[in-house]
Amino acid sequence: MPRYAYVNGRYVDHREAAVHIEDRGYQFSDGVYEVVTVKDGRLVDAKAHMDRLGRSLDELQIGWPVSRPVLEMIMAEMIRRNRLHDGLVYMQITRGVAPRNHAFPTGDVRPALVITTKKMNFAKMTKFTEGVSVITLPDQRWARRDIKTISLLPNCLNKQKATEAGCYEAFQVDPKDGMVTEGTASNAWIITEAGELVTRPATHRILNGITRLTILRIAEEEGVPFVERPFSVEEAKRAREAFVSSATSFVTPVVRIDGEPVGDGTVGPICRKLLAGYEEYAAGLRARGAEWPDDIPADEGDGTSRAA
Ligand code: PDD
């Protein structure tokens, strides 16, 4: 059975799938994307992902290539055609194809849409049970990390450094204040000595993860106290537990930071509780998941932060 990709209106053999050389995504990274987990053949947090996609498109003044309901139908069809049980759907929308010129093309240029799927065996992933290591690296990205653009070169460079250091992820650190922003492809979390769950508030400095939003809901339901505020590398190293979250990482415990053990260097109880809650949610056994917020402020503002 061929693996299908969807490219601008056609379901094609993944090996043959191609886009035009003057696609603005290829030339300028002028596009946005989403990665949505598929569990038991169902999209996890589909609505919130589509809401975030709509916001990313609006922020870059790119139109929907097809209407939102049609896009949802195409995603469902990709899951069906590729017999995807567990894995992910990747979708990418670029401004379209036009002769190379930095300014947006004028005239009738249609945004380009590409969708692929990937099978994953979440049940066999040892990162959930054994935890992972991270290193800390300077965050070298632009000022609008809240937009999920395909412009990921600084993320790739830091992920590569982490990989070369034998680590799963990097905690990226704002060089101005020493505070952790997020991972290269995930959000960063700690559980303090006092047992409080801490993650950076959703501002322009991080991508507001859909998994992050669902985990905050699970924490609320499970009675895990949390606060949304920045934390430093030093605080992370003193933390009782730490983890990263994303559509493909769920709750992945971090057991070493820069080679130093977090807590006793093993997966802790809060990580286990949140992962179990997230797995239940992804399997459709819990009602409340991510809800996309109305507003994302530019920065942390007056220092007040959401807590429970
Ligand atoms: N990345 N921060 C960054 C920089 C990310 O790239 C991601 C996700 C997240 C977590 O977002 P979510 O919970 O919505 O997956 C945070 C995806 C998985 C990727 O690029 O493959």
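The protein chain holds eight helices and 14 strands, taken as DSSP runs (helices H or I, at least four residues; strands E, at least two) numbered from the N terminus. The model is predicted: local features need pLDDT of at least 70, side-chain atom pairs count only at pLDDT 80 or more, and totals for chains, interfaces and linings use all residues. Residues are numbered from 1 along each chain as its sequence is written, and side-chain values use heavy atoms, with hydrogens and water left out.

The C-alpha atoms of the protein chain fill a box of roughly 55 × 40 × 40 Å along the principal axes. A compact globule of 308 residues would have a radius of gyration near 19 Å, and the chain agrees because its value is 19 Å; the radius is taken over C-alpha atoms, and the globule rule is 2.2 Å times the number of residues to the power 0.38. Of the 308 residues, 53% count as buried (under 20% relative accessible area, 1.4 Å probe, protein chains only). Among contacts (heavy atoms within 4.5 Å) between residues at least 6 apart in sequence, 73% join residues at least 24 apart.

The axes of α6 and α8 come within 10 Å and cross at roughly 110 degrees, so the two helices are roughly perpendicular (65 to 115 degrees). The crossing is right-handed. The residues in contact are as follows.

| Helix | Residue range | Contact residues |
|---|---|---|
| α6 | residues 210-222 | T211, T214, I215, I218, A219, E222 |
| α8 | residues 269-282 | K273, L274, G277, Y278, Y281 |

These contact residues divide into six nonpolar, three polar and two charged, with Gly counted as polar and Tyr as nonpolar.

How values were computed: Axes are lines fitted to C-alpha atoms, for helices over the stretch in contact, and angles run from 0 to 180 degrees between N-to-C directions. Angles under 35 degrees count as roughly parallel, over 145 as roughly antiparallel, 65 to 115 as roughly perpendicular and the rest as oblique. A crossing is left-handed if the near helix is turned anticlockwise from the far one by less than a right angle, and right-handed if clockwise. Buried means under 20% relative accessible area, exposed over 50%, partly exposed in between (1.4 Å probe, protein chains only).
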